[in-house]
Each structure stands twice: as structure tokens, then as C-alpha cells.
Amino acid sequence: MALPNINPTTTEAWRKLQAHYNDTKNLHMKELFAQDSDRANKFTIKWDDFYVDFSKNRITEETINHLLQLADEVKLKEAIQCQFSGEKINQTEGRAVLHTALRAPKTSAFYVDGVNVIPEVYLVKQKIERFTNDIVNGNRKGYTGKAFTDIVNIGIGGSDLGPAMVVESLQYYKNHLTTHFVSNVDGDHVNEVIKKLNPETTLFVVVSKTFTTQETLSNANTIKAWFLKSASEAEIAKHFVAVSTNIESVKHFGIAEDNIFPMWDWVGGRFSLWSAVGLTISLAVGYNNFNALLSGANKMDEHFKNEDFKSNIPVILALISVWYNNFFKAESEAVIGYSQYLNQFATYLQQGTMESNGKSVDRNSNPINYETGTLIWGEPGTNSQHAFFQLIHQGTKLIPADFIGFAKSLHGNQDHQDKLISNFLAQTEALLNGKTEDDVVSEGTKSEIIPFKIFKGNKPTNTIFINKLSPESLGKLIAMYEHKIFVQGIVWNIFSYDQFGVELGKQLASKILKEFGESNISNHDSSTLNLLNYYNNLR
């Protein structure tokens, strides 16, 4: 059973949406609220500890009905069934897409090639739990008998962004271990981290599915050479562990086979934090909190799989995103988390969204003549209000935005929390209503300044209000966006789980690397050739 291959622009729903857009594109949301006193309730989904208000969008009930019809016509329900049943929906690479299995209960069953993978998943989880407890409790020590104080995660892409984002987001729940992340092949990055470390008390987690990633291996070898200035080759086994499928290469590096945590090809890198790739998360916040993160994601999985589309949070958010991307031609979406803990959340979503859905060929191998993918960007509020909100409020671009807030603060400072949430609520209201000329005049503004202080409003937002930032609620939030990405990919008729677009640059980099300091340089365009020669003269 393969994914349905339906060009969305050929559906009846798409035709209706285009006509509907032409009829409603100039409607102001203020008018819609004035016409329907119950609008906010109609366009809000309350689920568990989530309150998702999507009423401040340029939509009507007719819009939602057409979008739901689109979901039906592209066979979204069947596609969801394909994913959860272990079908190889990553068809270009011949793989299943089952990161949902990593957070499923032990009693569940997820099949790949006829084999239930849950027992294997739980064996790895037990290994993560034992290892985490041994490190955190100080039972497992470094080569001089001292307990570990620092953890360094060495990886890039999904082997870095997910763990780094979650550890940052769950700082409040962290234990005594200090975590560091090394990703960039820039030698300044790894050396800045090294200078803070004591080799006697540092554990290194090397994360690379193939154990061939240039950036990760370069950093791992640099750190290994630094470590061996203080310790012997035999001590590597006590201080280095790996998350990989390439057992032989990992052992050749010096890591003991017992310190290798397996991965599976049915887990994509950007969806892998739930696997042993999340070992650093477990070490940073403790296994119980890591497990709560997985439990939260599983709750969102069940909601997504079973809930009717009209009250299904990821489905509704994805369809609204399609509405703006394909009909309003809005190229980007902002993600604004009103918590400093979510400092890296938008960065994480950039990979998840843009690497997944940045495609221009459909599932029928045809070039696409409609928009796919969205540019994702953002920073925490209230910092972002003082940075780029001017563009969202008064710029010429339509930028839909997700506002994510938590009702309760973790440290309990109510004064700060009230100020934070007042901004959280005020910004979406301001983006909705704007400021009319009459408003500006009533403030006594000089006539020549009046045009500059007018806000048109009518800027769309979703408000995702969560009771408290906890490991479980963060798991739900991440999984919500994962499923949103999936739905968008199904609607756009693209394969969301390959990333061939990142490979060409890597191949050319390997070729250019061999030409540094050499006189025999292969053919390049004149710009690249000049730049290569410029660098060769300076290196």
C-alpha cells in the first residue's frame, strides 16, 4: 500500500478554495468577529492541556469546510493509516517512517517488513535508562575514578538540533550535569567547547547514523586527539559512546561495542530525538523526564491518528498553512514562543519543515507548478517584539504567525508572568485589529505623521496556549508540528522524508577540499575558481 498520489490542484476542493479566495481575500477579520459573536468558540480546539485558538485567521466556516474537503480528496486519512501501519512511505529511499513507534506504549505493535519493532525499541530504551542512571548517580566514572560532570553531544542536523532544542527547552528540569553541543565543522566551535572541559570528568556522545558524516567525524577526531593528550587509547571506552548503525567503524574509533546505541533506518534524522539520538536529553534531564517527553508525543500521536479532522489540531493547523501558502502566496510563517526556554524551537522547526517539504517534484515524479514548503523563522517573545515585529505589523508581506504561550511560569514569579502573557495576548489582538486613522487622530497625532502610525491589522495568527512547560507538554508540542509537516506533504503530493537536496553541496565540498594547496584544479565556474584561488593564496 503506497501513499495516494493526487495533484491537489486537480481536486474539486482546490477549485472551490480558489473561487472562495477570490471572493474573500479582502475581508477584514474584524468584520468576521463583528458578524459572529461565537467565532472564537467555533474556531478553538481544547484538548488535554492545550487551548488552540485559530479564530484570528482570514477564514470562515466555508474556508474550513473546503479545506476539510481537500483533506478528504487527497486521501489524508488513508495516508495517516499508511504511516502508522509501517508502510514504506519514504518511497524514494524504500523506508518506513515510524518515529511514532519510538514513543508508543510497550503493549502496542508497529510492524516493519512484518516484524513488530516495539520489543527492540524497548530494549534500547532500557539501555538508555540504565546508562543514564549510572552516569547521573555517579556509579559510572571516568578513567581517574571521578564522576562525570559534563556531557558533550557531537552531531549535526537531526543529531544536534533536536537534542539541543529539548535540553534548552527543559533547562528547568536539568540535573547537575552540564551539557554542550558540538555540530559545526568550524574548528573554532569545537575548540571553544574543549577549553571549558576536564577530560577526566567529560562524557562524549557521538551521534551519526552512518558514522561517516564529515562534520561529526572531524569534531569527534579532534576531541579524541585532545582527550588522548591526558589519557590512553584504552580509556576512550570509558569516555566515548556512540549512537550509530555502523558498528565496525564505531569500534575502530575505539568505542566499546557495549557503548553503542543502535538506530533504525525507519527513523529520519530530523525526527530522531525520540530514539537513542536523545541520549543526551536523557542524561541532561534524567530518564523519567525523557520518558515523559515521549509519553506526551504519544498522546499527540493518538489525537492526530484518531480525532476527527475538524477538531484535529495538527490537521487544522496544516490546512490553514496551505490556505496561506497556496492562495495568499504567503512565503513564510513565524513561530513565536513566549518562553525564553523555547529559544531554539524555531531553529529546530526550520529543519523539520524546510528539509521535509522543500520539494519541487511530486509523488508522480512530475515537476510541481504550485507552491510547496514554507519558510520558518522566529524568536522568543518579548525579544522578538523589539526586533522584527515591525515588519509583521506594518510591512508589505503577509506573515502568518504561531504564538505559543504557557499559562504558568516555572519559577513562579507572577509579576513577570503577567507582563509576559499580557504581551502574548496583546500582540495577536494588535495584529488582528490594527490601528485606524480615527484611532491615530484621536491620540492628537500631527497630521503629517498620521499615515505612518496607521496599522491595517488583519494579520493572521494562531494562539497555542498550554498550561505549563513540562517534558510531557513539550513532547506534545513537538509531535504536533511533526504531524503538521506530514499533513502539508500529503496535501502537496510530495515525499516529505528524503532530503536529496542537501547532498550535492557535500559532494562538491569533498572535491574542493582535495584541491586546497594543489596546482591541479578541476573545472569550476569562474566565480568558484577565483574564490578557491583566493583562499589557496591565504591559507
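**Pocket lining.** I started with the helices around the largest pocket of this predicted model. Helix 9 (214-227), helix 15 (345-357) and helix 20 (503-513) each give at least two residues to its lining. Helix 20 contributes the most, with 4 residues. I then looked up the volume of this largest pocket, which is about 930 Å³. Its lining has 38 residues, and Thr213, Gly269, Gln499, Val502 and Lys506 are the closest to the centre. I sorted the lining by class and got 17 polar, 12 nonpolar and 9 charged residues.

**A helix pair.** Next I turned to helix 6 (residues 118-136) and helix 13 (residues 287-306), whose axes come within 9 Å and cross at roughly 150°. An angle over 145 degrees counts as roughly antiparallel, so that is how helix 6 runs relative to helix 13. On the helix 6 side I noted Lys125, Ile128, Glu129 and Thr132, which meet Tyr287, Phe290, Asn291 and Leu294 of helix 13. This contact has 4 nonpolar, 2 polar and 2 charged residues.

Which peptide bond is cis? I found the one from Gly381 to Thr382, with omega near 15°. Thr382 sits in the loop between strand 11 (375-377) and helix 16 (389-394).

Lys75 is not a glycine, yet I read a positive phi of about 60° there. Lys75 belongs to the loop between helix 4 (61-73) and helix 5 (76-84), and its relative accessible area of 37% makes it partly exposed.

Ser365, also not a glycine, has a positive phi of about 70°. I placed Ser365 in the loop between helix 15 and strand 11, and it counts as exposed at 59% relative accessibility.

Key
Residues numbered from 1 in each chain as written. Predicted model: local features only at pLDDT ≥ 70, side-chain atom pairs only at ≥ 80, totals over all residues. Heavy atoms only, no water. 1 Å grid on protein atoms, 1.4 Å probe; cavity = no way out; pocket = protein on both sides within 12 Å on 5 of 7 lines; lining within 4 Å. Points joined across faces, edges and corners; volume = space filled by probe spheres on them. Nonpolar A, V, L, I, M, F, W, Y, C, P; charged D, E, K, R; others polar. Axes fitted to C-alpha atoms, helices over the stretch in contact; angles between N-to-C directions. Parallel < 35°, antiparallel > 145°, perpendicular 65-115°, else oblique. Contact = heavy atoms within 4.5 Å. Buried < 20%, exposed > 50% of the residue type's maximum accessible area, 1.4 Å probe, protein only.
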